[in-house]
Every structure is written in structure tokens, then in C-alpha cells.
Amino acid sequence: MRFGLLGPLAVWTDDGGLVPVPGLKVRALLADLLVHEGRPVPADRLVDDLWGDAPPGNPMGALSAKVSQLRRVLEDAEPGARALVESRPAGYLLAAATEQVDARRFRSLVERARGAVEPKERAALLAEALGRWRGPALADFRDEEFTRAAVARLEELRLTALEEHAEVRLELGEHGVLAGELGGAVEEHPLRERLRAAHMRALYRAGRQNEALESFERYRVLLADELGLDPGSELAELQRAVLRQDPGLGGPAAAPPPRPRSNLPVPPTELIGRDGAVREIRARIGTDRLVTLTGPGGVGKTRLAIETAAGLADAFGDGVWMAELAGLERSTVPDLAEVVTAILDIRDAPGAPAAALDRLAAALGARRLLLVLDNCEHVVEQAAELAVGCCAGCPACACWRRAGSRSACRARSCGPSRRWTCRAAATTRPRRARSGCSPSGRGRRRGASGWTGTPQGRSGSCAAGWTASRSPSNSPRPGCGPSESRASSNGSTTGSGCCRPGTAAPRPGSARSPR
């Protein structure tokens with residue numbers, strides 16, 4: 001059985017069921033026994049509390065009847081609970097443990113909070129204690145003479161706990177929330193100087209200096225009108241500190257909101273029939289920093305790229321990001337490093353390199369992320385330069401690699417200690433066979449457009465990366481990065497490869513492999 005004083009008088013069973021207590025005198029008897037917290041209450045005192053100046057003809061008999069009714073209510077709600085109401089020579093008492101009465105549990109939590117060392121622990125205990133309040137203490141009996149002292153004690157302890165909770169939350173940097181939450185409490189208790197001081201600090205730290213000063217001025221005028229007094233020295237000193245913007249009032253900065261970890265668009269429908277391709281590309285990203293997705297226009301490379309990247313958000317601590325380059329004009333293309341810098345919300349720092357690509361590489365040096373560059377064929381030169389720069393300067397950054405034209409062969413391999421050889425494209429038509437890249441220099445035939453290949457050694461990098469690009473189907477596909485996947489017209493992906501720095505691009509239609 002549990003009893004509630006922190007709000008209207010209430011009784012619950014151990015499983016949380018509410019127990020109705022009929023009769024005003026029976027409820028008053030229960031409240032009187034509860035506020036005495038297990039101490040015996042003399043019978044004549046109970047008679048005075050229940051009937052005041054109009055006692056019944058047989059006061060002791062009437063009191064005994066009310067005690068019997070209370071015991072019956074408790075017994076009906078929970079067998080054996082009638083024994084909680086005990087009769088002693090000194091009077092009647094309610095034998096409830098501390099955990100059974102919310103007011104006593106509240107005091108216990110506050111005492112534990114005051115003994116806690118860590119601010120977070122104090123804040124949690126005080127929050128739990130204050131959360132037990134359901135309204136004004138003994139709201140239905142607060143005007144009775146026998147409850148006034150207990151109600152005053154509980155209300156004072158609640159306000160003190162509220163002030164202590166506000167101060168510890170200020171230590172934790174929660175001033176933004178407190179500035180709004182404490183406003184109502186200050187209006188309800190305008191003469192609580194400690195509470196107003198906490199509110200003023202919260203307002204100041206939240207950037208609302210004028211409101212903090214206005215709060216002090218309202219308190220000064222109210223105190224002078226009501227009591228003819230001036231604010232205390234501590235609050236007056238706080239007002240002067242606010243006026244001079246004392247750095248000591250700053251406190252710890254509020255915790256910044258969590259940074260977004262992706263800007264990938266949310267597809268309107270589910271991707272169907274590409275599970276194998278998604279698994280293959282993700283497997284390549286687990287071992288290679290650079291993966292290229294190529295294929296005829298309209299085959300679904302972008303959609304496949306989004307689906308694959310979306311499932312890798314948890315694998316990259318700094319997220320998965322997409323740079324959509326289709327909207328850039330070939331003739332007026334900006335610096336792609338600036339485009340990526342804006343997408344990643346990288347700000348200029350003092351002493352940062354002047355070149356945009358160098359600034360980007362410096363900013364990404366400590367990050368682990370996956371960067372998807374989409375639709376790169378019309379800015380292939382700039383995209384190749386960006387991929388090489390990112391791979392060279394960011395060991396934990398996954399980069400893009402484009403294989404949509406001859407000029408892409410000038411891009412360099414980004415994986416450390418990796419050697420590659422390059423084979424020529426056999427045809428410019430999408431469904432004819434091509435030879436690929438392999439460590440031995442011997443070409444392998446593939447039945448779909450694109451380049452394929454195998455690295456001679458594995459990269460030691462700690463991150464994998466992949467980008468999707470859209471390219472015309474009649475372009476040769478020389479590789480220039482650690483891994484390449486081809487999206488064919490039937491949705492399959494194959495191969496990996498890279499061009500060795502300095503290897504010339506093959507002429508379309510040539511099937512002979514360089515030796």
C-alpha cells in the first residue's frame with residue numbers, strides 16, 4: 001500500500017491501483033495520521049482535528065467508528081493492510097514505511113542528492129524527487145489547521161529543491177531551457193531571492209541580458225513596496241556583474257545540437273532487384289577507399305548509389321555526404337573543393353591554406369566520412385583533381401573516382417603501397433566486350449560496358465569509399481582508383497581497377513593490351 005501527500009490525498013495498492021477512500025472524516029483521519037509520519041496521535045487531538053468546535057455526542061465512539069471504516073477500506077483494497085492502522089496507549093498511528101509515503105520518499109531523495117558529488121547525479125536525484133509532486137501538498141486539506149505546518153514544511157522543501165536543481169543544471173550548461181522553465185516559478189514566488197538569482201543567471205547566459213536586468217528591477221521595486229527592504233548583497237552583486245558582463249557569469253557552454261550525419265535524399269520508393277549489387281559495392285567499400293560506379297545513362301546508378309550509401313551511415317563516424325554536380329555548368333564550373341566545403345559546412349580557420357583543395361584536405365584530415373560525387377562526367381578534370389587531393393591528404397576519408405573519359409586516366413591511384421596496370425577498352429558500344437585491368441597485364445573479357453581490374457596489393461587505409469557517377473555509354477572506361485564497380489543495363493556490378501599514374505588512355509576500339 002502506498003500513500004500520497006504531494007498533491008491531493010491519494011492511496012494506491014502496490015500494483016498502482018487507485019484506492020477510493022469514501023467519507024470526508026475518514027479521509028481527514030488518514031491525512032492526520034500521515035502528516036504525523038508514524039508517530040502516535042492522541043485520540044483527543046484527533047477528535048479536535050476532525051470535528052473542531054462541534055464534536056459529536058460520543059467523541060471517542062465516533063472516532064473509533066471512523067478508524068474502523070479506514071481499516072476496512074485498506075483491507076478491501078489489499079488484504080492485511082488494515083494492520084497499518086495501529087492503536088497504542090498513546091493514540092493511533094499509521095505504520096507505513098518511508099518508501100510507502102511519497103513525502104518521505106521525496107525528502108530521502110533530496111538528502112541523497114545533497115550528498116552526491118557529481119553534478120549529473122545530483123541533477124538526476126533532484127529531478128526524481130521533484131517529479132513526485134502531483135500538485136500542492138494535501139491540496140484538499142491544505143486549509144485545515146492540522147495540516148498547515150506539514151504543508152508549509154513540504155512546500156519550503158520543494159522550493160529549496162527546485163532552487164538547488166536549477167543551480168546544478170546551470171553547472172551542466174542547461175541555461176537555455178532553464179530561462180524558460182523558471183519564469184513561472186519566479187512569478188509564483190516573486191520574493192524567493194535564490195530562485196530569482198538562478199533565473200537571472202539563466203537569462204544572462206542565454207543571451208537575454210536585458211531581461212535579466214528587468215527581473216532584478218521588478219524584484220527591487222516589489223521588495224521596497226511590500227517590505228521596505230533592498231535586495232540582498234548577493235543579488236545586488238549579480239546585477240552589477242550582469243551590467244559589466246562579467247566573464248565569470250558565462251559558465252559552461254550549452255551542449256551544441258548534434259551535427260547532421262548525412263544529406264542523402266530519401267528515396268520515395270523501395271529499391272527492388274538490386275540487393276546483390278548493393279552487397280557487392282558495400283563489400284568493396286570495406287576494403288577500398290575509392291570505388292567508382294559506371295554504366296549507361298538511365299541504368300540507375302544514382303539510385304543504387306543512394307541505397308548503398310544510406311546503409312553505411314553507421315560505419316562512418318562523420319557521416320555520409322553526397323555532392324550533386326549535375327547542376328554545374330561546364331563553362332562556368334566553380335572550384336569543386338569549394339562546393340564540397342559548403343556541403344560539409346567547413347568554415348575558414350585562421351592560418352588555413354589559401355587553396356580551396358588544401359583547406360578541404362586539412363579540414364577532413366581528422367574526419368572519417370564517405371563522400372559520394374554524383375554526375376561528374378561534365379566536370380571530370382576538376383573531379384579527378386578533387387579525388388586525388390582528398391585521397392592524398394585525408395587518410396580516413398573515402399573519395400570519388402571517375403572513369404568516364406580519356407582524361408580520367410590522368411587521375412592517380414589513392415591507395416598507399418598499391419600498384420596497378422591498365423588495359424585498353426575494346427569498344428565504345430555498351431554491350432560489347434572489353435578488356436580490363438589486372439596485375440599480370442592480361443586482359444579479361446567482360447560482357448558489359450565499363451572497366452574491370454584487380455589490385456596487386458591491398459591498401460592499408462582505415463576507411464572505404466565510393467561515389468556514383470553518370471556517364472555516356474560510348475565512353476571508354478579506364479580505371480584510376482583502387483576499386484571500380486560497373487552498373488550494366490541489367491543492374492549488375494562487376495570489377496575493380498585503377499590506372500597507374502602516367503598511363504596513357506587507350507584509343508576507343510583498340511583491343512590490344514599494353515605489355
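Modeller: A salt bridge is a side-chain nitrogen of Lys or Arg within 4 Å of a carboxyl oxygen of Asp or Glu, and a search of the whole structure finds 25 of them. The model is predicted, with local features needing pLDDT of at least 70, side-chain atom pairs counting only at pLDDT 80 or more, and totals for chains, interfaces and linings using all residues. Residues are numbered from 1 along each chain as its sequence is written, and side-chain values use heavy atoms, with hydrogens and water left out.

Biologist: What makes Arg122 and Glu171 a salt bridge?

Modeller: Their closest N and O atoms are 3.2 Å apart, which is within the 4 Å limit, so the pair counts as a salt bridge.

Biologist: Which parts does this pair tie together?

Modeller: Arg122 lies in helix H5 (residues 119–130) and Glu171 in helix H6, so the parts joined are 49 residues apart in sequence; helices here are DSSP runs of H or I with at least four residues, numbered from the N terminus.

Biologist: Why is Arg122 called buried?

Modeller: Buried means under 20% relative accessible area, exposed over 50%, and partly exposed in between (1.4 Å probe, protein chains only); Arg122 has 19% relative accessibility, and therefore counts as buried.

How values were computed. Helix = DSSP H or I, 4+ residues; strand = E, 2+ residues; numbered from the N terminus.
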